[in-house]
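Work through the exercises below with the model open. Try each task before reading its solution.

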Amino acid sequence: MSGTVGRELNPPWPNSAFGRWLRGSRRLEAIPDFEKWAGADWAERVLQEDSATTLHTKQGRTISYWSVTNEQGQTLNMYLKRHWVLPRWMGLLAALRPHKAYSPGLSEWEHLRWAESHGIPVARPIAAGEIRGPHGRMQSFLAVEDLVGMLPLHEAIPLAYRTLSPADFARWKRALIHELARLTRELHKRSTFHKDLYLCHFYLKKSLCLSVPETFQQSVYMIDFHRLSRHTWTHAWFQIKDLAQLLFSTHDVPGITARDRVRFWKLYREADWNGLALPPAWIRWGVRRKWKLYERHNRRQSRRIKTANSRKGNP
């Protein structure tokens, strides 16, 4: 866990849902002593923070890189997700139930904290909040610590493939597959699903790609938990989707073979599910079918991009 969370409700909660709707409010979460890094007024300026370098902009949200330094000269590097305009129904629900998280920023904060509590390595959540303006207007943000010195697995695996001898790489892959299967089980055995389970959302230290460690346990980190949710009655559908996404993302990655996918499936099925039924045989059929749909969609998208570029005269 990342420590005791400080919560600030400011201004004080109005006495009724109508008052919260009329005047607005905010909910903030942060690691202890975050103000020593970002300043006492960080909550007032986080949405307008000019020192954060914007990396990506899409549909009313941005992802920025934000570095802050404390009085001892130590630097904290973060990715800052900011959502500028959110649906007003979120603001209405926040007025009715102010201690629930409805925005993307605060929801992902809670998902990351849940993952930490269940032993899943994640990028450390630093701060999050909902700025609930009058009449349902809402903005949110989330800051997570940068995984310095780490690579996403679709880059880490090819690096190990180029660096290690064939025998060492085979042992390296077996250990990595064991950890990937374990992490996936830790989610699925609780009927909880990532919904973006691609290789690019698993991270590994670059130094671990240069030799064969004894184990990868607690060394593979996961990111992007904004879609995480629990599904008790429809778990089979989301289980199929998660596994198909992971399978699809392994194709065309240097060093990954069909045998590796079979090994992952065997480890995923045969481990202890704490009394829960093992995935039935038809789950595998559903995963393969969903994976084929992803591949078909990807081919169509590639053809569209290629056609559009040819019309523009691009190679």
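Helices (H or I, at least four residues) and strands (E, at least two) are DSSP runs, numbered from the N terminus. The model is predicted: local features need pLDDT of at least 70, side-chain atom pairs count only at pLDDT 80 or more, and totals for chains, interfaces and linings use all residues. Residues are numbered from 1 along each chain as its sequence is written, and side-chain values use heavy atoms, with hydrogens and water left out.

**Exercise 1. Find the largest cavity and state which helix gives the most to its lining.**

Step 1. On a 1 Å grid over the protein atoms alone, a cavity is a set of points where a 1.4 Å probe fits but cannot get out; a pocket is an open set with protein on both sides within 12 Å along at least five of seven lines; lining residues have an atom within 4 Å of a point. Grid points are joined across faces, edges and corners, and a volume is the space filled by probe spheres set on the points.

Step 2. Search the whole structure. One cavity of 30 Å³ or more turns up. The largest cavity has a volume of about 50 Å³.

Step 3. List the lining. Among its residues are Arg20, Trp21, Gly91, Ala94, Ala95 and Arg132.

Step 4. Assign elements. α1 (17-23) and α4 (88-96) each supply at least two lining residues. α4 gives the most, with three.

Step 5. Sort by class. Ala, Val, Leu, Ile, Met, Phe, Trp, Tyr, Cys and Pro count as nonpolar, Asp, Glu, Lys and Arg as charged, and the others, Gly among them, as polar. The cavity lining has three nonpolar, five polar and two charged residues.

**Exercise 2. Where do the buried residues of α4 fall, seen down the axis of the helix?**

Step 1. Pick them out. Buried means under 20% relative accessible area (exposed is over 50%, partly exposed in between; 1.4 Å probe, protein chains only). In α4, Met90, Gly91, Ala94 and Ala95 are buried.

Step 2. Look down the axis. These buried residues of α4 fall within an arc of 140 degrees, so they line one face of the helix. The arc is that of the directions from the helix axis to the C-beta atoms.

Step 3. Name the packing partners. The buried residues of α4 pack against α1, α5, β6 (125-132) and β7 (138-145).

**Exercise 3. Is His111 buried or exposed?**

Step 1. His111 is found in α5 (residues 104-117).

Step 2. Apply the cut-off. His111 has 19% relative accessibility, so it counts as buried.

Step 3. Check contacts (heavy atoms within 4.5 Å). Leaving aside neighbours within four places in sequence, His111 touches Phe225, His226 and Leu228.

**Exercise 4. Which strands stand at the edges of the open sheet of three strands?**

Step 1. Write the order. It is β8-β10-β11, with antiparallel pairing.

Step 2. Find the edges. β8 (150-152) and β11 (221-222) each have a single partner strand, so one side of each is left without a neighbour in the sheet.

Step 3. Check one pair. Two strands pair if DSSP finds at least two bridges between them. β10 (residues 202-205) and β11 pair over two bridges. Tyr203 has Tyr221 as its bridge partner in β11.
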